[in-house]
Amino acid sequence: MQARLPTSRWALGALLASAFVVALGYGIVLPVLPMMVERLAGSTDPTFNARQIGFLTAAYVAAPVGAAFLWGKWSDLIGRRPVLVVGLIGFAVTLAASALAPSLLVLYVGRILNGGFAAAVGPTGLAFIADTEGEDNRRTRAFGWMSMASIAGFLVGPTLGGLVAELKLDLGVAAVPPQTVPFILASGLAVAAALGVCSVLPGKLPGPRVEANKPGSSMFVSGEIRLLALAAVAAAGLGAFEVGLTLRNVELAMGPTALGLMFATCSVVMFAVQGLVFSPLVKPAATRLLVAPAFLVMAIGLAVMPRLAGLTEMLFAVSVVSASAGLISPLLAYWVSRISARSQGLELGVQSAAVSLGLSVGSAAAGLLFGFHRLQGATFLVAAAAMGLAAVASLKLPQPPPLEQQA
């Protein structure tokens, strides 16, 4: 058995900064995406634009379906640091390219590549924590902090994007619209995060556990497929909610600032809930009991969304959905890492791929449903039904072995 050294504060800080920047780069486009589609496609057809918004969001989150698995596997082989650095630099370059896209096709290519490079950060960072944290409470809190860093980035991204979209800026270059400025800023932050990772993370793996399955044995341990399926379903609900909320905002003519406020509320609520659940006040073993109630509450919040039209009542429903979604994703990632029979990079890459698949399906489905007259509300109702089924499926989650047996 090889002892694990706790993650240093500097290393954890670099990982948190990386998660923050990637989430900011994703969220910053949501409030301005309708305007970007209209400008690049030259179309004012709401049906066409709604579908493009859904597909563009799906393109970003679909890329990690295959890429996350490969990044995780490579990080097991060559180390966490080089994979994180390459992912962040690639993220920065493709984010800047997306901001300056001259056509809708180029924007699609940029978003796909952007999502592919972003997929290196999440599972690799979590794998580094799993490699170095052998104590249950510390690992649980570190996983929670990574999720909270992503939430903070998602909070800043849409808020910044919504504000800049309504500013009249004289950039001195007529061909560069003002909503591209936050993209360039996020790109610069990604480069800074890469420099931080390169400076403080160790060059070699700190002794990750690499195991091969016995001949004839199942690739998955008992209960693992259920956890991965639940992660995908939860992500599909969140993807449908994000795109549905964006298009519902357009339908109600609320404007980018209102949408930014709703996404900001979503992030603040997620941040607060995770701060409580992943604090020393909650035992790690007890967190598995929160998954089913969270799915149920998320289903209720999604189901009432089509009937709401006022900003105040929508903010309340957004808070309900985001509180639930903010619990489900990090809890399932933590439990997948705990029951894993494989190396952490590969395992968390598989989990990230499942989440990305769910986000892609949910985002694309939301765009399609909103593109059909009288089916706009179906986006939220279908997602609510899926969350209800997931609540039933998550009543019994697998029990992980003690951490010392995984060292």
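How many salt bridges does a search of the whole structure find? I looked, and the search turns up 1.

**Ground rules.** I'm working with a predicted model, where local features need pLDDT of at least 70, side-chain atom pairs count only at pLDDT 80 or more, and totals for chains, interfaces and linings use all residues. Residues are numbered from 1 along each chain as its sequence is written, and side-chain values use heavy atoms, with hydrogens and water left out.

**The salt bridge.** I found Arg80 paired with Asp76, and their closest N and O atoms are 2.8 Å apart. I then checked burial, and both Arg80 and Asp76 are buried (under 20% relative accessible area; exposed is over 50%, partly exposed in between, with a 1.4 Å probe and protein chains only).

**Helix 1 and helix 7.** Next I looked up helix 1 (residues 9–27) and helix 7 (residues 121–132), whose axes come within 10 Å and cross at roughly 160°. Helices here are DSSP runs of H or I with at least four residues, numbered from the N terminus. Axes are lines fitted to C-alpha atoms over the stretch in contact, and angles run from 0 to 180 degrees between N-to-C directions. So helix 1 and helix 7 are roughly antiparallel (over 145 degrees; under 35 is roughly parallel, 65 to 115 roughly perpendicular, the rest oblique). I noted the contact residues (heavy atoms within 4.5 Å): helix 1 gives Ala11, Leu12, Leu15, Ser18, Ala19 and Val22, while helix 7 gives Val121, Gly125, Phe128 and Ile129. They split into 8 nonpolar, 2 polar and no charged. Nonpolar covers Ala, Val, Leu, Ile, Met, Phe, Trp, Tyr, Cys and Pro; charged covers Asp, Glu, Lys and Arg; the others, Gly among them, are polar.

**Helix 10 and helix 12.** Helix 10 (residues 224–251) packs on helix 12 (residues 291–304) at about 25°, axes 12 Å apart. That makes helix 10 and helix 12 roughly parallel. Leu230, Ala234, Gly237, Leu238 and Phe241 of helix 10 meet Phe295, Met298 and Leu302 of helix 12. I sorted this contact too: 7 nonpolar, 1 polar and no charged.

**Ser394.** Where does Ser394 sit? I found Ser394 in the segment after helix 15 (378–393). Ser394 is buried, with a relative accessible area of 2%. Leaving out residues up to four places away in sequence, I see Ser394 touching Leu230, Val291, Ala292 and Phe295. Leu230 and Phe295 were also in my helix 10 and helix 12 entry.

Key. A salt bridge is a side-chain nitrogen of Lys or Arg within 4 Å of a carboxyl oxygen of Asp or Glu. Helices (H or I, at least four residues) and strands (E, at least two) are DSSP runs, numbered from the N terminus.
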